[in-house]
Amino acid sequence: MNKYQKIVKKFEKDRNWGQFHNPKDLLLGIVEEVGELRNIVKWEQDPEVLKKTLIKNKDEVADGIGDIFFLLAHLANSSGVDIDKAVATTIKDLRKRFPVKDFKDNHGNRYIEGKDKKDGVKKSRNFKKRS
Ligand SMILES: [Mg+2]
């Protein structure tokens, strides 16, 4: 289990907050925090101005990232997911899907003329087919 998952688990247990933190509300909390981050950059389109705005407001950005990770750790704990393993699997799959030899200086958005090996790469996670 991820170091922060353990801390969040203890934090929740010490306060007996599990009764309030159902998964749906954790998800909505993540959306709320993403919205707070979006407020920092909303309506700006210039990538350079966006980068500078994030750096200029680094404390607010860090606050939002911390809040999101805290809620993600809660969600992972309540779902039995090990964040370190989940992220490692995602990175492994992304490396297969976007190998450096094909994607250096090329994005993967096939909707705007990029390439994507999504259809040709088997994911590490096997999801059950639902009918
Ligand atoms: Mg916040």
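Reader: How are H1 and H4 oriented to each other, roughly parallel or roughly perpendicular?
Author: This is a predicted model: local features need pLDDT of at least 70, side-chain atom pairs count only at pLDDT 80 or more, and totals for chains, interfaces and linings use all residues. Residues are numbered from 1 along each chain as its sequence is written. The axes of H1 (residues 3–15) and H4 (residues 58–79) come within 9 Å and cross at roughly 80°. Angles of 65 to 115 degrees count as roughly perpendicular, so H1 and H4 are roughly perpendicular.

Reader: Which residues of H4 make the contact with H1?
Author: Contact requires C-beta atoms, placed from the backbone, within 7 Å. H1 contributes Tyr 4, Gln 5, Val 8, Lys 9 and Glu 12. From H4 come Phe 69, Phe 70, Ala 73, His 74, Ala 76 and Asn 77.

Reader: How far apart are the end C-alpha atoms of H4?
Author: H4 has 22 residues, and at 1.5 Å a residue it should span 32 Å. The expected span is 1.5 Å times one less than the number of residues. The model agrees, with the end C-alpha atoms 31 Å apart.

Reader: Which residues of H4 are buried?
Author: Buried means 20 or more other C-beta atoms within 10 Å of the residue's own. The cover over these H4 residues includes H1, helix H2 (23–41) and helix H5 (83–97). The buried residues are Gly 64, Leu 71, Leu 72, Ala 73, His 74, Ala 76 and Asn 77.

Reader: Which element gives the largest share of the largest nonpolar core?
Author: The core has six residues: Val 8, Leu 26, Leu 71, Leu 72, Ala 73 and Ala 76. The largest share, four residues, comes from H4.

Methods
Axes fitted to C-alpha atoms, helices over the stretch in contact; angles between N-to-C directions. Helix = DSSP H or I, 4+ residues; strand = E, 2+ residues; numbered from the N terminus. Parallel < 35°, antiparallel > 145°, perpendicular 65-115°, else oblique. Contact = placed C-beta atoms within 7 Å. Buried ≥ 20, exposed ≤ 12 C-beta atoms within 10 Å, placed from the backbone. Core = buried A, V, L, I, M, F, W, Y, C linked by C-beta atoms within 7 Å.
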